[in-house]
Amino acid sequence: MDAVMLVGGKGTRLRPLTMSAPKPMLPVAGVPVTAHMLARARDAGIDRVVLATSYKAEVFEEYFGDGSAHGLELAYVTETEPLGTGGAIRNVADFLRSGPDDPVVIFNGDILSGLDIQALIARHTDSGAAVTLHLTEVDDPRAFGVVPTDASGRVTEFLEKTPDPPTNLINAGCYVFRRSVIDEIPAGRPVSVERETFPGLLAAGVPIAAYPDSTYWLDLGTPAAFVRGSRDLVQGRIASSALPGPVGEALVLSGAVVASDAKLFGGATVGVGVTVGGGATIDGAVLFDGATIGTGATVRDSVIGRDAVIGEGVVLEGVVIGDGARIEPGNELRAGVRVFPGSTLSAGSIRFSSDRV
């Protein structure tokens, strides 16, 4: 069975992390987001995946190659200009091997999900629908477009954000398309599946089925969500066969050097070649490869970029430090601060408390 992974987004909400790598290639719990997604596809019986790339497209093939090391056959298709979700799906059509009536699974590249993919495919096959959508329940659907369904589980409409949504079910970013529907999407121009493809099918009387569930679902588009997703993988709240170690309070990758009195907990990830100094506290943070954490530093709910240096006693809480940045001693950064790659914050420059402690 063919699948398509849409991994072309720039991930602007995650800057500065995505200045050096596309969002689907950022390490979540030790490996790229895409590695977790490919593992889920493989575990569901999918054997061939086409990666629809755009931003920094070359890094995907450099990392995954032909896919054999991941138990898959991989192909790569690159957009030369933004085509939207529908346009990106149509752009890979010539690389699919499916017959006209065969199902093709489409994954959105920035979603971490516990979806039962086999059950989604079974729902599609049993319903006879042209497209089947994974829908997820959210507590407050006002911030999303919602997808009402009828008693038989057919989608009835697609509603943009509204102050009084009729349902709490939203589009979860995973679909099964009948191959012939992909071929009918207009080629060579931007197309939105939510605003054009799906409403057009409904208007033509073509059935769209829904597969609602309440399993784990997280859009990794913000730094806070990125940290949460990594923590949840490390602590086993969502399973992934791509996790490069056992679940627990922390994941420490090969080559990392952690002082015996450092404290690692909260689902923290310590990347390859990271150094964590004596007395440091790493709580739920994600430390990219090669980072250095100084003696007595506290890093909580933050992302530390590749080869960044965090000085002695520095306090970081809910912040993003870009690749190669240097935070010298005496700094205290909180509340969504973002330090861009290669920057140096000199000693004692920024405090959120009234004095050094």
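Two residues are in contact when heavy atoms lie within 4.5 Å. This is a predicted model: local features need pLDDT of at least 70, side-chain atom pairs count only at pLDDT 80 or more, and totals for chains, interfaces and linings use all residues. Residues are numbered from 1 along each chain as its sequence is written, and side-chain values use heavy atoms, with hydrogens and water left out.

**Cores**

F107 belongs to the largest nonpolar core, which has 54 residues. M5, V49 and F107 have the most contacts inside this core. A nonpolar core is a set of buried Ala, Val, Leu, Ile, Met, Phe, Trp, Tyr and Cys residues joined through side-chain atoms within 4.5 Å. Buried means under 20% relative accessible area, exposed means over 50%, and partly exposed lies in between (1.4 Å probe, protein chains only). Helices (H or I, at least four residues) and strands (E, at least two) are DSSP runs, numbered from the N terminus. A second, separate core has 32 residues, among them V50 and F198.

**The pocket**

The largest pocket holds about 1,400 Å³ of space. A pocket is an open set of points on a 1 Å grid over the protein atoms alone, where a 1.4 Å probe fits, with protein on both sides within 12 Å along at least five of seven lines. Lining residues have an atom within 4 Å of a point. Grid points are joined across faces, edges and corners, and the volume is the space filled by probe spheres set on them. Of the 42 lining residues, T85, N108, D110, E194 and D219 are the closest to the centre. Strand β9 gives the most to the lining, with five residues. Helix α3 (84-91) supplies at least two. The buried residues of α3 are G86, G87, A88, I89 and R90. They pack against several elements, including β1, β9 and α6.

**The sheet**

Five strands form an open, parallel sheet in the order β14-β17-β20-β23-β26. Strands β14 (263-265) and β26 (332-334) stand at the edges with a single partner each, so one side of each has no neighbour in the sheet. Two strands pair if DSSP finds at least two bridges between them. Strands β20 and β23 pair over three bridges.

**Backbone details**

A cis peptide bond joins R15 and P16, with omega about 15 degrees.

| Residue | Phi | Relative accessibility |
|---|---|---|
| K56 | near 50 degrees | 27%, partly exposed |
| D307 | about 60 degrees | 46%, partly exposed |
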